[in-house]
Amino acid sequence: KLLKSIEGGISSPSIKFLVIMVDSVLVEGVCVFVVWLIWVLSLIPYSRAKRRGLGGNLDHPAKVDEAGRRAAGVTSNTLEGLLFFVCAIFVNNLLGGKEIIAAALCILYTIIRAIYPFIYYAGFSKTRSSFWALGVLCLLGLYINGFVARTRYLYDF
C-alpha cells in the first residue's frame with residue numbers, strides 16, 4: 001500500500017524507476033536472507049549427526065554416518081550456492097538487469113533451495129540433481145539478464 005501511494009503521487013519517471021528498484025532490491029535481499037537462513041538451519045542436523053558419530057567436520061564428513069554425510073552435503077552445497085547467488089545478484093544489479101526478471105529468478109531460486117535439503121536428506125539423487133540444475137539455471141538467468149540489459153544499453157537496441 002505504501003509503495004502504491006508513493007508511486008501514485010510521483011510524476012518523475014526517474015523516481016518511479018527508483019521505487020521499482022527498491023522493490024527489486026528488497027525482494028533480492030529477502031531471498032538472500034532466506035537462503036542464508038536455510039544454510040544456518042542445515043547446520044542443526046549436521047551437528048546432531050556429528051555428536052552421534054565419531055566427530056569430523058565439513059571437510060571430512062566420512063567420520064559420521066550416512067545421515068551425517070547427507071547433512072554435511074546439504075550444508076556445503078547450500079553455502080556454495082549462497083555465494084554464487086549473491087554474486088549473480090551483484091552482477092545483475094551492476095549491469096542493470098530488468099528488476100522484474102531478477103526478482104522472479106530470485107524467488108524461484110529461493111524456493112528451489114528451500115526444497116533441496118529435504119530431497120537431499122531423503123536420498124533422491126536424480127531429483128536432487130534436477131533441483132540443483134534448476135538452481136544453476138536461475139543463477140545463469142540472473143547473469144544473462146544483466147548482460148542482455150547492458151548490451152542493449154551499449155548498443156541502443
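Colleague: Which ring does Arg128 lie over?
Modeller: Tyr120. Arg128 sits over its face, 4.2 Å from the ring centre. Keep in mind that this is a predicted model.

Colleague: And what lies over the face of Tyr116?
Modeller: Arg113, at 4.4 Å from the ring centre.

Colleague: How many aromatic pairs in the whole structure?
Modeller: A search turns up three.

Colleague: What happens just after α3?
Modeller: Gly96 takes a positive phi, about 80 degrees.

Colleague: How do the axes of α3 and α4 cross?
Modeller: At roughly 175 degrees, and they come within 10 Å. Helix α4 is residues 99–122. The angle is over 145, so the two helices count as roughly antiparallel.

Colleague: Which residues make that contact?
Modeller: From α3, they include Arg70, Val74, Leu82, Phe85 and Ile89. From α4, Cys106, Tyr109, Arg113, Tyr116 and Tyr120 are among them.

Colleague: How do the contact residues divide by type?
Modeller: There are 13 nonpolar, six polar and two charged.

How values were computed
Residues are numbered from 1 along each chain as its sequence is written. This is a predicted model: local features need pLDDT of at least 70, side-chain atom pairs count only at pLDDT 80 or more; totals for chains, interfaces and linings use all residues. Side-chain values use heavy atoms; hydrogens and water are left out. Helices (H or I, at least four residues) and strands (E, at least two) are DSSP runs, numbered from the N terminus. Rings of Phe, Tyr and Trp (its six-membered ring) pair if their centres lie within 6.5 Å; planes under 30 degrees apart count as stacked, over 60 as edge-to-face and the rest as tilted. A charge sits over a ring if NZ of Lys or CZ of Arg is within 6 Å of the ring centre and within 35 degrees of the ring normal. Axes are lines fitted to C-alpha atoms, for helices over the stretch in contact, and angles run from 0 to 180 degrees between N-to-C directions. Angles under 35 degrees count as roughly parallel, over 145 as roughly antiparallel, 65 to 115 as roughly perpendicular and the rest as oblique. Contact means heavy atoms within 4.5 Å. Ala, Val, Leu, Ile, Met, Phe, Trp, Tyr, Cys and Pro count as nonpolar, Asp, Glu, Lys and Arg as charged, and the others, Gly among them, as polar.
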